[in-house]
Amino acid sequence: MSKICNISEESLQMAAQIINEGGVIVVPTDTVYGVACDPFNEAAVAKIYELKRRPRTKALQILMSGVGDLEKLGLYLPSPLDILAKKFLPGGYSPIARAKKGSIASNLATLCKMNENDAQNDAQTDAQTQETEATQGVRVPDCPELMQILRVTGPLAASSANRSGNESADSVEEAFAAFGNEIPLYLNAGPTRSHVASTVVGADSNDEDGIVILREGVISEGEIREALRK
């Protein structure tokens, strides 16, 4: 039977054990509830796609406790995404990080291969990015409860806690209604604050601000671009 638990030492230990054993849990964020697992575990990542009935072409994000986790994961933020990170993290900003060949990130089960046009654009702007082989969306949510979870689990691969195509879960009850006993542990922090997904931003050398808005969410495109023009 699944358990719905408030954040406590006991539930955090349960969460860490499930993640370490390749399982999946539901966690709160500052936007919507998410279904999460070890980002290096291919079977666990596949389980999230199976649970959500989500196409593998749609990438998962990695939830982190801070930008310092990027280095631990073998990732980095290209300019100007690093500038935006200083302004909007923690919060509803999801930059598309990049991974160097041969780094620990090459073992991430959530990496997305860059397309040919991306690689050409990168080569024009920075010789170093010719070594880039893949991309990864990342998040540092403004959610104290999630920070507690990440301190015991480490970074988590995640997607919204709903079946693909359905409304995102704003509460642990809505997440449970979506998955029931298919997920062993639901960590409860009450209703989420914004009820709107994060804004996903990539780097684009062809854009006047150097960015592309891949999904407009809780932070508007106008706010993102204004922050770069100040």
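# Structural briefing: strand pairing, cores and salt bridges

The side chain of S11 comes to 2.8 Å from the backbone oxygen of N6. This contact belongs to a predicted model, in which S11 is part of helix α1 (residues 9-20) and N6 stands opposite N188 in strand β10.

**S11 and its surroundings**

- S11 has a relative accessibility of 1%, below the 20% limit, and therefore counts as buried.
- Leaving aside residues up to four places away in sequence, S11 touches C5, N6, L185 and L187.

**Strand β10 and its partners**

- Strand β1 (residues 3-6) pairs with β10 in the parallel sense, over four bridges.
- Within β10, N188 is the residue opposite N6.
- Strand β2 (residues 25-27) also runs parallel to β10, and two bridges join them.
- V26 has Y186 as its bridge partner in β10.

**Nonpolar cores**

- In soluble globular proteins, nonpolar side chains tend to be buried together.
- The largest nonpolar core in this model comprises 26 residues, and L75, L84, Y93, V138, V201 and I224 have the most contacts inside it.
- Two or more residues of this core come from each of α3 (68-73), α4 (81-88), β6 (93-100), β8 (132-139), β12 (211-215) and α8 (221-229).
- The greatest share is that of α4, which gives four residues.
- V138 touches I62, M64, L70, L75, L77, Y93, S94, P95 and A97, when residues up to four places away in sequence are not counted.
- Another core, of 21 residues, lies apart from the largest one and includes C37, V45, A157 and V172.

**Helix α2 (residues 42-52)**

- The buried residues of α2 are A44, V45, I48, Y49, L51 and K52.
- These residues lie on the same side of α2, because they cover an arc of only 165 degrees around the axis.
- Their packing partners are β3 (34-37), β9 (156-160) and α7 (172-179).
- Exposed residues E42, A43 and E50 are carried on the face of α2 that is turned away from its buried side.
- At the start of the helix, a side-chain oxygen of N41 reaches to within 3.1 Å of the backbone nitrogen of A43.
- R53 follows α2 and has a positive phi, near 60 degrees.

**Salt bridges**

- The model contains nine salt bridges.
- D30 and R139 form one of them, with the closest N and O atoms 2.7 Å apart.
- D30 lies in the loop between β2 and β3 and R139 in strand β8, so this pair ties together parts that are 109 residues apart in sequence.
- D30 counts as buried at 7% relative accessibility, and R139 is buried with a relative accessible area of 3%.
- D69 and K72 form a salt bridge in which the closest N and O atoms are 3.3 Å apart.
- Because they are three residues apart in helix α3, D69 and K72 are separated by about one helical turn.
- D69 is buried, with a relative accessible area of 6%, whereas K72 is exposed at 61%.
- D207 and R225 form a salt bridge whose closest N and O atoms are 2.9 Å apart.
- D207 is located in the loop between β11 (199-203) and β12, and R225 in helix α8, so the pair ties together parts that are 18 residues apart in sequence.
- R225 counts as buried, at 14% relative accessibility.
- D207 and R225 also belong to one network, in which salt bridges that share partners join D207, E208, D209, E221, R225 and R229.

Technical notes. Residues numbered from 1 in each chain as written. Predicted model: local features only at pLDDT ≥ 70, side-chain atom pairs only at ≥ 80, totals over all residues. Heavy atoms only, no water. Pairing = 2+ DSSP bridges. Core = buried A, V, L, I, M, F, W, Y, C linked by side-chain atoms within 4.5 Å. Buried < 20%, exposed > 50% of the residue type's maximum accessible area, 1.4 Å probe, protein only. Contact = heavy atoms within 4.5 Å. Arc of directions from axis to C-beta. Polar contact = N/O pair within 3.5 Å; in protein donor to acceptor, adjacent residues only side chain to side chain. Salt bridge = Lys/Arg side-chain N within 4 Å of Asp/Glu carboxyl O.
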